[in-house]
Amino acid sequence: MSDPDLSAADAAQLSPTTEAWPVRAALIALTIVVVAVLLVVPLLVVFVQALGLGIGAALSTFRDADAVAAIGLTLLVAAVAVPCNMIFGIAAAWAIAKYRFPGRAFLITLIDLPFSVSPVVAGLVYVLLLGPFTPIGAWLLEDYGVRVIFAVPGVVLATIFVTFPFVARELIPLMQDQGTGDEEAAISLGASGWQTFWYVTLPNVKWALLYGVLLCNARAMGEFGAVAVISGKLRGETVTMPLQIELYYQEFRAMAQVSAFSLAAVLAGLALVTLAIKSWLEWRYADQLAATRAGH
Amino acid sequence: MELSIRNVRKEFDRFPALEDVSLDIRSGELIALLGPSGSGKTTLLRLIAGLDFPTSGAILFGDEDASRKSVQERNVGFVFQHYALFRNMTVGENIGFGLKVRPAATRPATADIRRRAMELLDLVQLAGLENRYPNQLSGGQRQRVALARALAIEPRVLLLDEPFGALDAQVRRELRRWLREIHDRTGHTTVFVTHDQEEALELADRVVVMSQGRVEQVGSADEVYDRPNSPFVYSFIGESSGLPVRVENGELWLEDRPIGLKAADAPGGRATLHFRPQDVELLDGCGGCIAGTVSSSRRVAGTRRIELEIGPEHHRVEIEVPIDHAAAQKSRVAFRPTRWAVFPASA
């Protein structure tokens, strides 16, 4: 651009894929307004409401045994469901991306099922399948003394179902794209299957895996519908944070309203922390990220 | 390490990719597998490596049958077409990978692995780049790293799949000479796949010409160029023209007259005469020759090529003439091939 008359804006106008400025301005404005109204304002309201009666009232929520139990259960459920789905996600992505077998396309569709089925339906199905008066449920209860429905195992199960696709969906397209060339190179150099996975396959997909795990974790902690149906909402036993928020909110006490929003603030805070970690990792390892994304 | 490929057949979903291929490779030889795409050359290379297994037949490393051995057990160095460098590892780590993954009993110490990687980087003339990542290297440099990585495991055989396929012409010529030097210095039995005949003829001790899953001819550059044994090799390697002729009593006939070439061994009947543009002599009169009308003339480097239309069916052949030859459009030119071959016409 040696021509001094050609300003940057004019240069942008010359690009064949750039629209006229009113269109651009309208699009940008629309995006900002929608994001603000639908995302930022509600998030702020949560924190404002939580602190409505002062910080002391907000903190008093966490002296309620039910609230503490709910936080504990949510963390426990996430701690079980996320690793399960991580292992399953890697295994499924590996099978689909690296092998050819009949029913492969159908399997991809099946993995998406939890996205398309309402979580409430999923919860109901488990109740009908594993409830104490069904053959499987009765067998588990009588022979092993394990209660699934209206108990913690059911909550974990429902959460695993709902968060099933996140890791696999992140990994499948990437692994399909990468093919098996690097793995062949590794085994031709004498690496065993496990070494190949550990040194070559996993590093190649680690960023997608991380995103998948973060998304999976966020959803695992926030799940409401399936858990609501399967847990029986036993306070202090099977109630997770989202359920406890709902329970508080249904009470007609000013304190309960504050508690609902305090707990909601914690849940929102966990989500924000997750986002912050992801952004920090992206910033910290920007060079590596560029390296893994640049073709061969 | 001698390699022996015996009656190997390979099918993919019932579709034969290789049919009854046999080949002996001598220890320390540099062999090119040359053929058009779909000729089975890469399949053969992968079978030797153990990345695929033959449907039938055997592959011998020395006297030992390696057909059913895994790729790890065969200890081959394989250089992939797109290099397949590990992008999350530095150049040094890439080269040392094959040593790092050895079982504890045979694994060298970390310091030794590093030293070996440095030596190999020196060998491939990339000293000082050990801490770069593959995406920070040029195509030619990646190629060299891939070779160093394959050499690090002290392979019994070195296999290269289209080693220069993704590089531009200049780098390609340079690396070709360099690969020959490395081969001569390290003495590995080396097999490489290429579709570039110039590369195969220049680089290899022997060239294996392949077509449609079969070996057409095996020989030195001179043999496959000067004495092609089939119409395919004639047309695939170098330039050539084919002209339908007839064999009668050991003489070649074009249409209704003899062309002055004797083929005592050829069976009678329809056949195709093959010759290269430069292997002809121009004639003045035509007492037993091929004559045609000049349809086009073009300058090719230090010579001139003219295209002739021959006979009522306007068969086109190309011959080389001196630069100053006064071949004008539509003029008649008579010639006779000096070096040629005749193959019975396929039905």
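**Figure 1. An open sheet in chain B.** In this predicted model, four strands of chain B form an open sheet in the order β2-β1-β4-β5, with antiparallel pairing. Strands are DSSP runs of E with at least two residues, helices are runs of H or I with at least four, and both are numbered from the N terminus; two strands pair if DSSP finds at least two bridges between them. β2 (15–25) and β5 (64–65) of chain B stand at the edges with a single partner strand each, so one side of each has no neighbour in the sheet. Strand β1 (residues 3–12) of chain B is joined to strand β4 (residues 56–61) of chain B by five bridges in the antiparallel sense. B:Arg6 has B:Ala58 in β4(B) as its bridge partner.

Residues are numbered from 1 along each chain as its sequence is written, and chains are lettered from A and ligands numbered from 1 in the order in which they are written. Because the model is predicted, local features need pLDDT of at least 70 and side-chain atom pairs count only at pLDDT 80 or more, while totals for chains, interfaces and linings use all residues.

**Figure 2. Strand β3 of chain B and its parallel partners.** Four of the five residues of strand β3 (residues 30–34) of chain B are buried, so the strand is largely enclosed by the rest of the structure. A residue is buried if 20 or more other C-beta atoms, placed from the backbone, lie within 10 Å of its own; it is exposed if there are 12 or fewer, and partly exposed in between. β3(B) pairs in the parallel sense with strand β8 (residues 189–194) of chain B over five bridges, and B:Leu30 has B:Thr190 as its bridge partner there. Over four bridges, β3(B) also pairs in the parallel sense with strand β9 (residues 206–211) of chain B, where B:Arg206 stands opposite B:Ile31.

Figure 3. B:Val157 lies in strand β7 (residues 157–161) of chain B and is buried, with 22 other C-beta atoms within 10 Å. Residues are in contact if their C-beta atoms, placed from the backbone, lie within 7 Å. Beyond four places in sequence, B:Val157 touches B:Met1, B:Leu3, B:Val76, B:His188, B:Thr189 and B:Val191.

**Figure 4. The contact between the chains.** Chain B gives 21 residues to the contact and chain A gives 17 residues. On the side of chain B that touches chain A, α2 (71–74), β6 (76–79) and α3 (91–100) of chain B are the elements that give two or more residues.

How values were computed: Two residues are in contact if their C-beta atoms, placed from the backbone, lie within 7 Å.
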